[in-house]
Amino acid sequence: MNVRQFQYQILCLSDKSYRMALSILKDESSAKDALQELMMRLWEKREQLDAIANYQAFVLTSMRNLCLDMIRKSIHTHEIPADTEYNAPNPHQQTEQADMINHIGSMIDTLPEMQRTILRMKDVEEMELEEIAQIMSMTENAVTVNLSRARKKLRDMITNNRKKENKVYERYR
Amino acid sequence: MNDIDNLLEKYFNGVSSTEEEKRLKNYFEGRGILPEHEIYRSVFAAFNTEKQIKAPVMTFPEKKTRRPAITRRIIILLAGSAAIGLLAVTFSNLQYARSQHPEYMVIVNGKQVVNQHKAQQYAEHMFSETDKIIENSYQLFREAATINQDLNAEKILKETDQKIECIKTNYKQ
Amino acid sequence: MKKLFSIMLITLVFSAVASAQQVEKLFDKYMEDERFNYIYRKGSAGSVLDRTDLENLKTDAFNIRFKSDRNKENEKMLILNSANESFQKSFMAEVNKALESDKFENTSYVRNGKDNRVSEYIRKSSDKMEEVRVIENGSGNVVLKWELYTIRKK
């Protein structure tokens, strides 16, 4: 694979890879490190990349594995225990739609890694079920189950958040 | 709007098609969102926002040294004449080169598949199917390992202790 | 006396070498048998990154695959198609005997449901490594897969 091919087949997947790293590691500088590490290794081995059938699946699988490895090796994990409640900020401060969008992101970040990775691959990256299953080394059925769980949890978090908002407003009436 | 409610139900069950999800996205990007659906607008907006995140720019350490003009001309000349010689050599080496690529032999129920292309197709398919079986057989173990990782009692207890410590410290202040 | 001794030694060595290839002999024995399908693939190093290779990436990011110390030389499969129970049993007995005789080490064994089994075996030497997988299901199908790797010199 020459420089141009590398640019068109591999480098063009930087954005998706970076977003995946960001989702798993939940930290911008770690995600940047992961992306740099991944691209450097792929660059060094570019001659061996010619026979890959699906570059997107290959690159994203590699990124995910790299990130999970980084988490395993690091002393402080960024992983929030599964039963953490999302603590919404004071609704009085929540004046803009932009804030809410950020909070959706934080809500998704409280989901277990598998669920949030699948959710983002489907809803942000708009990938097909088959490819997600390949990257996650799961059956399509298992992906569907996890996707449903993730979306429903997100729905619950939003609903609970709205209820809390309404309660606060009620108090101040 | 019954249609949107149906789509939403499918969406949360993880069984909506790509087309149906596109319709939902279009609905939530538009203006005619019904009050009962408002709560989900920020979710789809958040997905859109996340998709805009771009990877940082990277550089690669490939050194490009500019050769002096004369040397380049000589190289081009040499390359041209070498190319002709190379073509001749390549043709004679074609047989040898083929042996470096994957070779296949397929015998089905005692009869050899002579057509190389068919043999290759069958072989690749069967190896791939077998790999899937092997991979799926270990799926349960991998899922168990992930569950073990997420539900690591020691890790959860340690983090709970840390949280309590943090609350105690803040309370004292 | 010396002659006899050297003949015995050669025979011993020969039989030792020969008997270490019982699994390969199985392939030779059944490849043209109409109850079986036989597939052989010879690949150059790094020519195909299939799902198995992606799976290897999981263990240690890139180290297994790219800084890998091995090249896949070739692989072959023998597939027994829906045989009657007695032949399936006798074939499995042959396979197990051959694996034991060749001193393959059983590294894992997974059982799904009542009749489905996947077993893995490895045999290593200083310059090569062989992996064998045996897949059985309850319907009389058996897959015997053998992969040969050479160890790269550092």
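**Close-up 1. The contact of helices α2 and α4 in chain C of a predicted model.** In this predicted model, C:Gln22, C:Val23 and C:Leu26 of α2(C) meet C:Glu94, C:Val95, C:Ala98, C:Leu99 and C:Ser101 of α4(C), where two residues are in contact if their C-beta atoms, placed from the backbone, lie within 7 Å. By class, this contact of α2(C) with α4(C) has five nonpolar, two polar and one charged residues; Ala, Val, Leu, Ile, Met, Phe, Trp, Tyr, Cys and Pro count as nonpolar, Asp, Glu, Lys and Arg as charged, and the others, Gly among them, as polar. Helix α2 (residues 22–30) of chain C and helix α4 (residues 85–101) of chain C pack at an angle of about 145°, and their axes are 7 Å apart, the axes being lines fitted to C-alpha atoms, for helices over the stretch in contact, with angles running from 0 to 180 degrees between N-to-C directions. Helices (H or I, at least four residues) and strands (E, at least two) are DSSP runs, numbered from the N terminus. Residues are numbered from 1 along each chain as its sequence is written, while chains are lettered from A and ligands numbered from 1 in the order in which they are written. Local features need pLDDT of at least 70 and side-chain atom pairs count only at pLDDT 80 or more, whereas totals for chains, interfaces and linings use all residues.

**Close-up 2. The setting of C:Lys97.** C:Lys97 lies in helix α4 of chain C, and C:Lys97 counts as partly exposed because it has 13 C-beta neighbours inside 10 Å; a residue is buried if 20 or more other C-beta atoms lie within 10 Å of its own, exposed if 12 or fewer, and partly exposed in between, with C-beta atoms placed from the backbone. Although C:Lys97 and C:Gln22 are 75 residues apart in sequence, they are 8.5 Å apart in space, C-alpha to C-alpha.

Close-up 3. Strand β4 (residues 116–124) of chain C runs antiparallel to strand β5 (residues 128–136) of chain C and is joined to it by eight bridges, two strands being paired if DSSP finds at least two bridges between them. β4(C) and β5(C) form a hairpin with three residues between them, and C:Ile122 stands opposite C:Glu131 in β5(C). Nine bridges join β5(C) to the antiparallel strand β6 (residues 142–151) of chain C, where C:Lys145 is the bridge partner of C:Arg133. The hairpin of β5(C) and β6(C) has five residues between the strands, and C:Gly140 takes a positive phi near 90° there.

**Close-up 4. The side of chain B that touches chain A.** The contact takes 25 residues from chain B and 34 residues from chain A. On the side of chain B, α1 (2–12), α3 (41–51), α6 (139–150) and α7 (153–172) each supply at least two residues, with α3(B) giving the most, eight residues.

**Close-up 5. Confidence along chain C.** The mean pLDDT of chain C is 75, and 71% of its residues reach 70 or more, pLDDT being the predictor's confidence in each residue, from 0 to 100. Among the elements of chain C, α2(C) has the highest mean pLDDT (93) and helix α3 (residues 51–59) of chain C the lowest (39). Over residues 44–68 of chain C, pLDDT stays under 50. Where pLDDT is low, the predicted coordinates should not be read in detail.
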